[in-house]
Amino acid sequence: MNEKFTQLTGRTDFTVLGIESSCDETAAAVVQGGRRLLANIVASQIEIHRRFGGVVPEIASRNHTLALPGIVDEALKAAGMRLSDIDAVAVTYGAGLIGALLVGVSSAKALSYALDIPLIKVNHIEAHICANYLEHSLEPPFIALVASGGHTSIVRVGGYNDYALLAATADDAIGEAFDKVARLIGLGYPGGASVDRLAAGGRPSIKLTKHKQSFTDGNLSYSGLKTAVVNYVHTAKQRGEDINIPDLCASFTVAAVDPLAEYAVSEAVKAGYGKIVLAGGVAANTYLRARLKELGSAAGLEVYYPSPALCTDNAAMVACRGWYSAYEGRNAADLGLNAVSVLKVGE
């Protein structure tokens, strides 16, 4: 292990630069002392990919390459720091789009080498959970529900570096299902926020498959629900019937969220930790936040979730996860670090 990395173990005053490029957000952030967020800069590519109806990997990678140097400079300026003030660099190395990940990993390795500072590898899913540390006086253990476009996971967090996967997506993640339904009914990309907004004005009056049976064996599934929406829309069009879009959005949201929230709360109660944490891009969904709060409170649980800005992909969560890794002498990387497109919690 690098001597400089070892010197960070047990210290509380060191500063980490975080880099995130796993999908279509180019981000850099500076975190000091684990929870003091000094800067968090995110450049979104939504407008670039909107015309294609989804993220185009090659275009995402190219734009990360163009944007990242300026984003790092902007983060340092916002933090009132220079590169020489940074004690370590943390980077998302998986999971995500392989080309996009490689841009961040290559940049972080270059900074580590040039500045002679430790390099810390960060698991993207674990980083989402750590976003909560930046806004709450939260400490492990707890159960975390990670809901995003690429991941739907229920995780036992036994400590700052102790993660165990309890259940995970077997096919479509919940965020992917939201986007596909949005595209089907003409809401464009990204569609999750549009579905959320319309659902607030609709009634969950349309019966859709709740697929609760898929939430009982550690495998989370949304393909059945997505197919149920497709069949409903196609049948209505064939019959010449009007579709009440707000009602369909509300019905889909309830069918997608309720079994997931119930399953997560049951795991939290079973664990006996008394706390449940929500994280990931879909954690910004208003119904999911409210439903988890309702079910969790009824079960005597404390419920935590980050502000919407820290739900989507960002580097603040990466820097925070990296800080706690270095504090306990974990997840040191060298210049041989490579990107990994598929990565589970704890890997």
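View 1. Glutamate 25 sits across from serine 44 of β3. This is a predicted model, where local features need pLDDT of at least 70, side-chain atom pairs count only at pLDDT 80 or more, and totals for chains, interfaces and linings use all residues. Residues are numbered from 1 along each chain as its sequence is written, and side-chain values use heavy atoms, with hydrogens and water left out. Strand β2 (residues 25-32) pairs antiparallel with strand β3 (residues 36-44) over 8 bridges. Strands here are DSSP runs of E, at least two residues, and helices are runs of H or I, at least four residues, both numbered from the N terminus; two strands pair if DSSP finds at least two bridges between them.

**View 2. The open sheet, strand by strand.** Its 6 strands come in the order β3-β2-β1-β4-β5-β12, with mixed pairing. β3 and β12 are the edge strands, each with a single partner, so one side of each has no neighbour in the sheet. Strand β1 (residues 15-20) runs antiparallel to β2, joined by 6 bridges, and glutamate 20 stands opposite alanine 27 in β2.

**View 3. Strand β5 and its two partners.** 4 of the 5 residues of β5 (residues 119-123) are buried, meaning under 20% relative accessible area with a 1.4 Å probe and protein chains only (exposed is over 50%, partly exposed in between). Strand β4 (residues 88-94) pairs with β5 in the parallel sense, over 5 bridges. The chain gets from β4 to β5 by way of helix α4 (residues 98-115), in a right-handed β-α-β crossover; right-handed means that, with the strands pointing away from the viewer, the path from the first strand over the helix to the second runs clockwise. Look for threonine 92, whose bridge partner in β5 is valine 122. β5 is also joined antiparallel to strand β12 (residues 332-333) by 2 bridges, with isoleucine 120 opposite alanine 332.

**View 4. The largest nonpolar core, around leucine 145.** This core has 44 residues, and Leu145, Ile174, Leu208, Phe252, Ile276 and Leu292 have the most contacts inside it. Such a core is a set of buried Ala, Val, Leu, Ile, Met, Phe, Trp, Tyr and Cys residues joined through side-chain atoms within 4.5 Å. α9 gives the most, with 13 residues. Contacts of leucine 145 (heavy atoms within 4.5 Å) include Ile154, Leu260, Val277 and Leu292. Another core, of 40 residues, lies apart from it and includes Leu8, Val157, Tyr304 and Ala326.

**View 5. The largest pocket.** Its volume is about 1100 Å³, taken as the space filled by probe spheres set on grid points joined across faces, edges and corners. On a 1 Å grid over the protein atoms alone, a pocket is an open set of points where a 1.4 Å probe fits, with protein on both sides within 12 Å along at least five of seven lines; lining residues have an atom within 4 Å of a point. The lining counts 37 residues, and Ser148, Gly149, Gly150, Asp179 and Tyr189 lie nearest the centre. α6 gives the most to this lining, with 6 residues.

**View 6. Threonine 9 beside tyrosine 327.** Threonine 9 is in the loop between α1 (3-6) and β1. The C-alpha atoms of threonine 9 and tyrosine 327 are 4.4 Å apart, though 318 residues separate the two in sequence. Threonine 9 touches Ala326, Tyr327, Glu328 and Gly329, leaving out residues up to four places away in sequence. Its relative accessibility is 37%, so threonine 9 counts as partly exposed.
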